Structure formats: C-alpha cells, structure tokens
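Visitor: Please take a close look at one part of this model. I would like the protein surface that faces the DNA.

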There are 2 protein chains.
Amino acid sequence: MSNIRVVAELAGVSVATVSRTLKQPESVSPKTRHRVLDAIQQAGYQPNQLAARLRSGKTHNLVVLVPTIANVFFARVISGMQQVAHEKGFTLLLSNTQADEQTECHYARMVESAAADGVIQLRAFNPFKREHVNEHQLHPMVNACEVLDEVACPTVMLDNRAAAAAMTRHLLALGHNRIALVKGPARSPLTRDRIAGYRDALNEVGINFDEQLLVAGDFSLKSGYEAAAHLLTLAERPTAIFCENDEMAMGAMQCLKKMGLRIPEDMSVAGFDDINFAEYSDPPLTTIAQPAEEFGRTAVSLLIDVLQGRVTKAAKVILPFELVIRNSTGPLHKQP
Amino acid sequence: MSNIRVVAELAGVSVATVSRTLKQPESVSPKTRHRVLDAIQQAGYQPNQLAARLRSGKTHNLVVLVPTIANVFFARVISGMQQVAHEKGFTLLLSNTQADEQTECHYARMVESAAADGVIQLRAFNPFKREHVNEHQLHPMVNACEVLDEVACPTVMLDNRAAAAAMTRHLLALGHNRIALVKGPARSPLTRDRIAGYRDALNEVGINFDEQLLVAGDFSLKSGYEAAAHLLTLAERPTAIFCENDEMAMGAMQCLKKMGLRIPEDMSVAGFDDINFAEYSDPPLTTIAQPAEEFGRTAVSLLIDVLQGRVTKAAKVILPFELVIRNSTGPLHKQP
DNA sequence: GCTATAAATGATAACGGTTACATTTTGTAT
DNA sequence: ATACAAAATGTAACCGTTATCATTTATAGC
C-alpha cells in the first residue's frame, strides 16, 4: 500500500504539499495540484485514516447503543442515524447491548480509548463512570427515545405522557371505561411516562385507576399474547387494551382472536410506534405514530453538534407524535 | 488524557514495559507488573486505540453492508454478527446501503484507507474495484445470505433452491396445482434460485410452469399486497401463493382477507424467513425458517478467519433451513 | 567467584499522516 | 533593478503506540 511519501516523491514535492492538496487544495498552486493529483492516481494512493485520525484526535466514529436491533422500531431509528452519519462523514459503530449495562459501559469506554468520538444511547442508562463526570461538562453523548433523566445530556424524545393520554382519550371517547394498559419493561421511564398519560386521561373523566388493568410486558409479541390471556381471566374484563408498543398489540390480538373474540366489536386494541406491520395486521392497528427515522437523524446531528462544540447545553428535542386511528379500535358494544 | 509515557514515568519504567504489561503480561516480572498496573490505575490510563491500530495495522473494525436494516430478517442477522464480533474483540461498522452500489463501494474503500479490516456484504454485489482483484488473493470480504457468484469469496448461504422446492412440494402435496410465486427483487440470485426450486418441484409432478403465476415483488408488505391483488384478477386464479419472504406473505394475506377470501380454505399462503411476526399473523404463517442469527455469526467468524489467514479458499458454508407448517396453508377446497 | 545462558528491561525507530514554522518563489510597486 | 509583501513550498516535530534490537539483570552450573 503506497503512502504519502511515495506520492510526494512521484510528484517531486514534499509530503506537506501532498497533504495540502487533499485538505486545502486552494492553498496549492494549480500546476502542482495537478502534478500531485496525477501522482496520487498513478500510485493508487488512499490516505491512511488511522494516521490522520491519530494526529487529529478525531475518529469520526459514533457508538450506537441499542437494546435490540431486532426491534422493528429501533431498526428504523438506526436507519435514520445512518443517513445523517453518512452525509456528515461519520461512521456508526453498532452495539446490540441486550440492555446489558456491562456491555454498554464497555462500548462507551471506546470514547476514552479514542476508538470513537461519541455515544448515542437509546436506553435510560448512563454508561459513563461517575468519576469522569464533570458537573459543567457534557459527556459526548446523546440520549434518544428513552429519557435518561439522571444525567445532563442532550436528548431526543417524544412526549410519551401526552401521547398515551391522547390514545386513552380516543378509547374513552369510544365509550370504553375499563381500559387495560400493557406496560413495557418496568424500569423504563418510557413506561412510567405512558402510565402517567394514561392516568391523566382517566382522571379527566373521573374514572378510577384500577391496578388490575395494568399488566406487565416486555415489548415482545409473546408478552402481548400473554398479557391478553391474563386480562381475559379477570372477573371484570376490560373492553379495550392499550399496549405500549405494536408488537405487544399484535400478540394480544392473536390471543383474543384465538379465544373467539372479535376486534374491535368485543375488544378494542391499540398499540404504539406505528411499525410497518401495524397497517397490515388484521384488523389494521390503531396506534401512535412516532417519527422513528427522525429520532435517529436528530440524535446523530445533535451529537455531532456537541462534539464540535456547537451545543453546550443538555437541550431536549421533543418530536411530534400522531394518533393513527385504524380498525382495531371501535365503539363499545354492550355484552348481551 | 494521560498517555503511556506518563504511566511509564509514574511507574519508573520504560514505555516498552508498560506496553508489555498490557499485551504480554507474562513477559514482565511480577513486581514490575504490579508497579505498572498501579500506575495505570493511578493515572486513569486508557491506551489510545488509534495509536495502537496505526502501529499494528489492524483496526478490528468490520464493515457490514446491509441493504435495509429495517428488514426484520437482516436485523436478526446483524444481531448474530454483533454477538460474535463482540466476543472476538471486533466492532461492526454498520452501513445501511439501500442497495446503492456507490454507497457500498464507498464503505468498502474503508478497507483500503485503513478504517476497517474487512467487509461483510449481504447483497449480491462486489463493492471492490476490479483493478484490485488479484486472481489468487481473497478480498477481505465474506458474502452472506445472497450469493455473489461472480467473485471468489467465502460465502454463507442457504440452499434456496432446495428450500423453495420443499415449500412447493408441501403445497403440491396439499392438492394445489396452480401455485403462484411472488418474487423478490428481479436481479437477486436469491430470487433466481427460489424460482428454480419452485420449478424443480413442479417438474417432479409434471405440472407445466405458467409464467402468469410469477409475480414481481420487492420484499415489502405493500408489494405482497399488490401481488395478491393482481393474482385475484387472473382468469385462472391460483389456489396457493408462495411468497419469497414473510413480509410479502403478510401483505398478501391482508389483501386476500379484505377481498373476503378465507385462508387457507379459499387460498393457501406461504412465506419465507420465519420472522417473529409469522407465528403471530392471522392465520399463523407457513414458512421456511432460516437461521438468521447463525448467518451473522458464521459470516463474522469466517471473515475473521480470512483476516487472520486461517481461511484462504472461497469456501461456501451452507446453513440448514426448516419447513415450518402452520395454518396459512391447507388442503385444496374445490370451488362450489 | 566466574562464565554461560536466560529473563527482564530499556532506547529508539517506525507507523503515516498533519501542521507550525522556516524558507523559497512569485508578484507588485517604486 | 530593488525592495518588500504575499503566495507557495519545504522541514521536521508530533500524535501514542508497538516492535526491534541492544543492554542490563537474574539464574544456574561448575
């Protein structure tokens, strides 16, 4: 592999001139510029990024900590990240952490060991050690999707509370007054906020919160199925099930249909995220649309701003949601 | 950020000894080892990877070229890759190429510019320039999922032809003799192989191939929907639809149900991949299960072997598939 | 105590760029 | 032609490691 010295010799100039030809072409006279470019061509020269990065101290790598890539929503978020990263000359180092804190810390440490410039964390966990926390200094990190409130860190989020309230109001407006909520992972702030929104909406119309109607889930199809199965065993069944993501809603629908219930006549079902499959489920799913790709795009762009010193405050960017009403929710039908 | 010199001074040894303490601890006497480790601790020293990589010429980065991360199947493949990469101390540089050749070449060039050691390509396209092809030298590349036959390159694949034949035989055995096939992207070898398998099975029982029953698709839910809609307009309708992936099968089912057809009584539908949603669709989808995570694991492991010179031939690893029969396929019911 | 050998450590040159500073060349005004 | 500023180019230090080779120190055998 040829290096800058070979090119310099070939062009009959110094290595500095070769470097300048590539980095600041305007500072090199047209005729030497041509000579150098010809030599580069001839030598098949590709500048060694490692060397350049070592000298400049910038890796142009961004670590992405994602709990599970196999999650359709996250896959879309990453897709958006990739787009902006590519445009701005950055590369994404992907880490599928399975929500394992040790793995997250391991990858975050790549920043300290100069293997990456910054981190995008899609989960509510701070992978940086306390010791390194400098009160007035931002970590080179951006938090997206799931809010990490303990640490001052630029964040891209949805108003989950408002979104959950909007969906709950939609169900209430259809006449439902026993609405079950299938939660996400217990510790997630996302879950907490959505529960809050759900309660807000119930309070508005004076319906008492019933603990029984809150069921644990983990965002998987299976947990949605099981949650629905559990709800059907209750003495006082709900008439609507609001799931904190679409996968669980689809799992729940599968269970309900298997038990012979019609959707939405016998039970309304709602989801959250508006994944591709939501539109194609049977019946098509009522859900909250989140701008997944936009989450990714904004997060990367924000992180680059932080790295380049253009952002110095832990700003929060709130992205809009949309209530998408399809056919899985409908008016309450009185049981005969 | 403290460097190796600071640590060396702190421990009262040379930089070489510090380096050795970390890389080959056995070559350092126990007492200096302790002294050095203490100094490292005290200085909060993290070796600079950029420097180490520049010197050693290895980046421990692998570029992954994936057409669309948002594809559920690929997401699982990447998940498997990540697992092995992490275990072996490698990092994945993710590139969502949207099947754009220019983007693919751009990322592949990272190998030449020392930003990555190798490439895993999930699509049938060679991102390396011809000029660099050395007849007897392997590219630092592994091809997975979609076979790239023009270039000698280690490959991880499924016997798509056999799998498609197996599914077609299953449908034939149920009494279907007009079986439609919804294809993937036209240029894909994967599509070509699956068509070949489909024809193999038809030939075995002496059914003539009908061009009309071959419909174009692009692996999206929408294209499955449209393909089904088209098939329903045919004068001689098929009684079964075999889609080259599960998303299209789910799109097709949505269309059929909307048109009032029952599945499988009026029309059997089969997919390919066995994504999570397949089990939870209505009805649960008959499909070909592919070991997606295993694709990823094998690909990474193979690439590392190539990089370390343990593999010098363009070996093909063929992974097993499994015919998963659920309820979307059933015996032919004669129309009244 | 004295070699011969092995083990541990040190000094220093790479790795391949970038960049501050020094030097040369070019251009312009007198 | 001369002086002087501006533009172009060259020189060499530097980024933080690792690897090679030389040197010192420990170990063993006699």
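Guide: H2(A) gives the most to the surface near DNA strand D, with four residues. Near means that a heavy atom of the residue lies within 4 Å of the strand. Helices (H or I, at least four residues) are DSSP runs, numbered from the N terminus. The model is predicted, so to speak, under limits: local features need pLDDT of at least 70, side-chain atom pairs count only at pLDDT 80 or more, and totals for chains, interfaces and linings use all residues. Residues are numbered from 1 along each chain as written, chains are lettered from A and ligands numbered from 1 in written order, and side-chain values use heavy atoms, without hydrogens and water.

In total, 25 residues surround DNA strand D. Among the closest are A:Ser14, A:Thr32 and B:Arg5.

Of its atoms within 4 Å of the protein, 60% belong to sugar or phosphate and the rest to bases. The side chain of A:Thr32 places an N or O atom 2.9 Å from a phosphate oxygen of DNA strand D. For the side chain of B:Lys23, the distance is 2.8 Å. B:Asn48 uses a backbone N or O atom, 3.1 Å from a phosphate oxygen. Elements giving two or more residues include helix H4 (49–56) of chain A and helix H1 (4–11) of chain B.

Technical notes:
A polar contact is a pair of N or O atoms within 3.5 Å; within protein, one must be able to donate a hydrogen and the other to accept it, and residues adjacent in sequence count only if both atoms are side-chain atoms.
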